[in-house]
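Visitor: I have a model open and would like to talk it through. Could you take my questions one at a time?

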Amino acid sequence: MSDKEFAFTRKEFDCLREIVNRKAGIFISDEKFNMFYSRLSRRIRELGLADFRQYCELVKNEQGDEIEALINSITTNLTSFYRERHHFEYLQDHILPHRNKIRIWSAGCSSGEEPYTIAMTLHNAGWGNPAYQYDLLATDIDTNILSRAAKGIYQQENADGLSDNDLKQYFLKGKGKNKNLIRTKPSLQRNIRFSQLNLIESWQHAEPHDVIFCRNVLIYFDQPTKQLIVNKFIDALSPGGYLIVGHSESIKKLTDRIEFVGTTIYQKPE
Ligand SMILES: C[S@@+](CC[C@H](N)C(=O)[O-])C[C@H]1O[C@@H](n2cnc3c(N)ncnc32)[C@H](O)[C@@H]1O
């Protein structure tokens, strides 16, 4: 007799991981069985269902909302301010100089630390001045995490990548019962467009991007999906534009249409 609150068999695991893979491109290995159970049992409880069999039926029959909730439960949203700091140094030292206009996309932005770090890098380099124009798009598949990103509220203890200057310039500190929280100032927030976007669905942006950050997202996809998305990113870049990926996501084997210019930084030929 299992000590689990809800019955969960391999058949239901396969049913759910196939749906997540088809809808979000996320590849789920056998080792994720227990992770699936713990993340989704919360959802089963909320819905008042008896077991995973009922949950599978619900997801299979419903086209919209429950699939969104399933994907929101399964995504891994780990992120932090100035994660892989050398990317922001490269942006500041090699990409921003000699221009006064830039279009940047944070694809798979999670709870917002990445696009806010990009915005702080721009402002610290003087791009808050109206002589400079930047367009910063931040997207994710996960609607829950995206609404948290748009709110821009963080626990102070999770903000250890931020300098005293960043905290002072770009954040408001909570008071009373919110004293452990910080919130991004509207001056930083209003320049970022948060929007839901599933990278494996069809998307097309009217204007090309000068820089695409897609860090620690490709790692969840299988090889053909990675290849497809990387090629779509290259199509969406302006000539000379940059694609920046996560520390374990070399794309050298996926395409020869883009050149390696720094650790996990690639440039589209002019
Ligand atoms: C580990 S976080 C990376 C956050 C940030 N880029 C960083 O490096 O700190 C991965 C993000 O990718 C998102 N994601 C997963 N599959 C996606 C898809 N098909 N389309 C768009 N975003 C996706 C997840 O929701 C999650 O927020």
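Visitor: Is aspartate 93 buried, partly exposed or exposed?
Guide: Aspartate 93 is partly exposed, because its relative accessible area is 46%. Buried means under 20% relative accessible area, exposed means over 50%, and partly exposed lies in between, with a 1.4 Å probe and protein chains only. Please note that this is a predicted model, in which local features need pLDDT of at least 70 and side-chain atom pairs count only at pLDDT 80 or more, while totals for chains, interfaces and linings use all residues. Residues are numbered from 1 along each chain as its sequence is written, and side-chain values use heavy atoms, with hydrogens and water left out.

Visitor: Where is aspartate 93 found?
Guide: Aspartate 93 belongs to helix α5, residues 86-95. Helices (H or I, at least four residues) and strands (E, at least two) are DSSP runs, numbered from the N terminus.

Visitor: Which side chain does aspartate 93 join in a polar contact?
Guide: The side chain of aspartate 93 makes a polar contact of 3.2 Å with that of glutamine 92. A polar contact is a pair of N or O atoms within 3.5 Å; within protein, one must be able to donate a hydrogen and the other to accept it, and residues adjacent in sequence count only if both atoms are side-chain atoms.

Visitor: Now glutamate 68. Where is its place?
Guide: Glutamate 68 is in helix α4, residues 65-74. It counts as partly exposed, because its relative accessibility is 36%.

Visitor: On to the ligand. Which residues come nearest?
Guide: Ala24, Thr79, Gly108, Asp140 and Asn216 come nearest, out of 22 residues around the ligand. A residue is near a molecule or strand if one of its heavy atoms lies within 4 Å of it.

Visitor: What lies 2.6 Å from an oxygen atom of the ligand?
Guide: That is a polar side-chain atom of aspartate 140. For asparagine 216, a polar side-chain atom lies 2.8 Å from a ligand oxygen atom. Alanine 24 instead places a backbone N or O atom 2.8 Å from a nitrogen atom of the ligand.

Visitor: How much of the ligand does the protein bury?
Guide: The protein buries 99% of the 610 Å² that the ligand exposes when taken alone. Accessible areas come from the Shrake-Rupley method with a 1.4 Å probe; for residues, only the protein chains shown count as cover.

Visitor: What about the backbone of asparagine 216?
Guide: Asparagine 216 has a positive phi of about 60 degrees, although it is not a glycine. It is in the loop between β7 (209-214) and α10 (223-236). Asparagine 216 is buried, because its relative accessible area is 13%.

Visitor: And histidine 98, buried or exposed?
Guide: Histidine 98 is exposed, because its relative accessible area is 86%. Histidine 98 also has a positive phi, about 70 degrees, and is not a glycine. Its place is in the loop between α5 and β1 (101-107).

Visitor: Last topic: which residues form one aromatic cluster?
Guide: Phe8, Phe13, Phe33, Phe36, Tyr37 and Phe52 form one aromatic cluster. Rings of Phe, Tyr and Trp (its six-membered ring) pair if their centres lie within 6.5 Å; planes under 30 degrees apart count as stacked, over 60 as edge-to-face and the rest as tilted. Both phenylalanine 8 and phenylalanine 13 are buried.
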